[in-house]
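Please consult the sequence and the model alongside the text.

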Amino acid sequence: MICRNRRHSHGTPLAVGLGLRTKVNANIGSSRDDTSIDKELEKARVAVAAGADALMDLSTGGPIDAIRRAVIAETNACIGSVPLYQAAVDTVMRKQKAMVDMTADEIFAGSFKHLDDGVDFITVHCG
């Protein structure tokens, strides 16, 4: 599989699969208690400088849309995310609903938002 979103125009395609070299993925992301975009960008820079092939944005607090977009704009590394976290934050914080009241449409909306922003791959939680 080749991870690459055409909306991440300066991103480097990343091939993943049997017979290919092992990839290094670095997890970054804000939390409710630490919401600094600058800190996330610094984490991204350090991870790429240390040889990370991919960055996984696991943000769950603060301006998560702005953080994701800034990380995508900042680096040519392959960017992944977990849209379910976005849907949960949007449901609980913005809509004042319980997480268990998320709808399938809200979960899909989070996925499409991330892909539209240029995320190269997503983790999907299914059950």
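Is T91 buried or exposed? T91 is buried, with a relative accessible area of 1%, where buried means under 20% and exposed over 50% (1.4 Å probe, protein chains only). The model is predicted, with local features requiring pLDDT of at least 70 and side-chain atom pairs pLDDT 80 or more, while totals for chains, interfaces and linings use all residues. Residues are numbered from 1 along each chain as its sequence is written, and side-chain values use heavy atoms, without hydrogens and water.

**Setting of T91**
- T91 lies in helix α3 (residues 83-94); helices are DSSP runs of H or I with at least four residues, and strands are E runs of at least two, numbered from the N terminus.
- Beyond four places in sequence, T91 contacts (heavy atoms within 4.5 Å) Q96, K97, A98, M99, M102 and E106.

**Nonpolar core**
- The largest nonpolar core comprises 13 residues, a core being buried Ala, Val, Leu, Ile, Met, Phe, Trp, Tyr and Cys residues joined through side-chain atoms within 4.5 Å.
- At least two residues of this core come from each of β3 (25-28), α1 (37-49) and α2 (64-74).
- L55, among the core residues with the most contacts inside it, touches residues including A26, A44, V71 and I79.

**Packing of α2 and α4**
- The axes of α2 and α4 (residues 104-117) come within 10 Å and cross at roughly 30°, the axes being lines fitted to C-alpha atoms over the stretch in contact, with angles from 0 to 180 degrees between N-to-C directions.
- This makes α2 roughly parallel to α4, a term for angles under 35 degrees.
- D65, R68, R69 and I72 of α2 meet K113, H114 and D117 of α4.

Key
Angles under 35 degrees count as roughly parallel, over 145 as roughly antiparallel, 65 to 115 as roughly perpendicular and the rest as oblique.
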